[in-house]
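Please look through the sequence and the structure below before reading on.

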Amino acid sequence: KTLVQPVSAKAVDLWMPIADASCTAMFNAHEAPDAAAVSVLRSLLARVKAASTASGEMPTAALSQLFFVAARAAPRVLIRVEAAGVQHAKEVGERANSQLGIGEEKGDGQDDALAKDLGVGSQVARQSEGEAAREAAEEDLGSEKGILGIISSIACKVAANETGAFSCSTLRTNASSVLGVAAACSGPMAIKYTRTIVSLLAGSPDLRVRCNAAVALADIAVRFPNTFEPWQAHV
């Protein structure tokens, strides 16, 4: 309830630390935290759309809430999906080894039949499957039609603030935060938004926005170095 509770623009700064604790509790205690997070985001996004005007004006408080929750939910979802993929790959490998009578504790240096066909060791084969799960999770998060893709598209406009329509510093800060998180979580979004994030670092009047941009670029440099490399000279 805390995450979707409407607040005024003046109360957003007071709401954020409470919402941060609520996000942590949701992912630690909820039986289906990923689904719960998506439900919260869809509720907040629906409120933003309902309160937006035909001229393009959007509610400051609801937007801030949407960006804040999305920035905290997206990396947690990715971590959970990656961990589940790696665990699944490990279990599949262990079952294959068991069927072939190969136990890793024996350390006999024999690869299982599937790994031999692939030309790699069984551990490498399982690692490859885990990496495939991570890449699939990134593709899902990076989908423009997905919830994070929709939110990031709005956040890009708000953080850049090219028309000067978004005067609230907290709103722009939360927008830059979710934009950076999205780019760090997803290769396609890193490609799409790195230019904007570099521009925010160079030209935003908000210190918090520039700090978010610097953190985001560091994450992109580590996770997607090929995407970051062309912009390195501008940082």
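Helices and strands are here taken as DSSP runs, a helix having at least four residues and a strand at least two, and they are numbered from the N terminus. Counted this way, the protein has 10 helices and 0 strands. Read along the sequence, its pattern is α-α-α-α-α-α-α-α-α-α. The model is predicted.

Two totals describe the chain as a whole. The protein has 235 residues, and 42% of them count as buried. Take the contacts between residues at least 6 apart in sequence: 65% of these join residues at least 24 apart.

We can now turn to aromatic rings. A pair of aromatic rings is described by two values, the distance of the centres and the angle of the planes. How many aromatic pairs does the count come to? The count comes to 1 aromatic pair. Its members are tryptophan 15 and phenylalanine 68, with 5.5 Å from centre to centre and 65 degrees between the planes. Planes over 60 degrees apart count as edge-to-face, and the pair of tryptophan 15 and phenylalanine 68 is edge-to-face. Tryptophan 15 belongs to helix H1 (residues 12–29) and phenylalanine 68 to helix H3 (residues 60–100), so the pair ties together parts that are 53 residues apart in sequence.

Are these two residues buried or exposed? Buried means a relative accessible area under 20%. Tryptophan 15 has a relative accessible area of 5% and is buried. Phenylalanine 68 also counts as buried, because its relative accessibility is 5%.

Arginine 72 lies over the face of phenylalanine 68, 3.6 Å from the ring centre. With neighbours within four places in sequence left aside, phenylalanine 68 is in contact with Trp15, Met16, Ala19, Asp20 and Asn174. The C-alpha atom of phenylalanine 68 is also separated by 7.6 Å from that of serine 177, although the two residues are 109 residues apart along the chain.

Next comes helix H6, where serine 152 has its place. Serine 152 counts as buried, because its relative accessibility is 0%. Which residues are in contact with serine 152, leaving aside its neighbours within four places in sequence? They are Val178, Leu179, Ala182, Met189 and Tyr193.

Asparagine 161 has a positive phi of about 50 degrees although it is not a glycine. Its relative accessibility is 18%, so asparagine 161 counts as buried.

Helix H7 is the place of alanine 184. At 8% relative accessibility, alanine 184 counts as buried. Alanine 184 and alanine 216 are 32 residues apart along the chain, and their C-alpha atoms are separated by 6.4 Å. Apart from neighbours within four places in sequence, alanine 184 is in contact with Asp219, Ile220, Arg223 and Phe224.

The last topic is how helices pack. Two packed helices are described by the angle between their axes and the distance between the axes. Helix H2 (residues 33–51) and H6 have axes that come within 11 Å and cross at roughly 40 degrees. H2 and H6 are therefore oblique to each other. H2 passes H6 in a left-handed crossing. On the side of H2 the contact is made by Leu41, Arg42 and Leu45, and on the side of H6 by Ile147, Ile150, Ile151 and Ile154.

A second pair of helices is H8 (residues 187–203) and H9 (residues 207–223), which pack at an angle of about 140 degrees with their axes 9 Å apart. That angle makes H8 oblique to H9, because angles over 145 degrees are needed to count as roughly antiparallel. H8 passes H9 in a left-handed crossing. H8 makes the contact through Ala190, Thr194, Ile197, Val198, Leu200 and Leu201. H9 makes it through Val209, Arg210, Ala213, Ala214, Ala216, Leu217 and Ile220.

Terms used:
Residues numbered from 1 in each chain as written. Predicted model: local features only at pLDDT ≥ 70, side-chain atom pairs only at ≥ 80, totals over all residues. Heavy atoms only, no water. Phe/Tyr/Trp six-rings, centres within 6.5 Å; stacked < 30°, edge-to-face > 60°. Buried < 20%, exposed > 50% of the residue type's maximum accessible area, 1.4 Å probe, protein only. Lys NZ or Arg CZ within 6 Å of the ring centre and 35° of its normal. Axes fitted to C-alpha atoms, helices over the stretch in contact; angles between N-to-C directions. Parallel < 35°, antiparallel > 145°, perpendicular 65-115°, else oblique. Left-handed = near helix turned anticlockwise from the far one by under 90°. Contact = heavy atoms within 4.5 Å.
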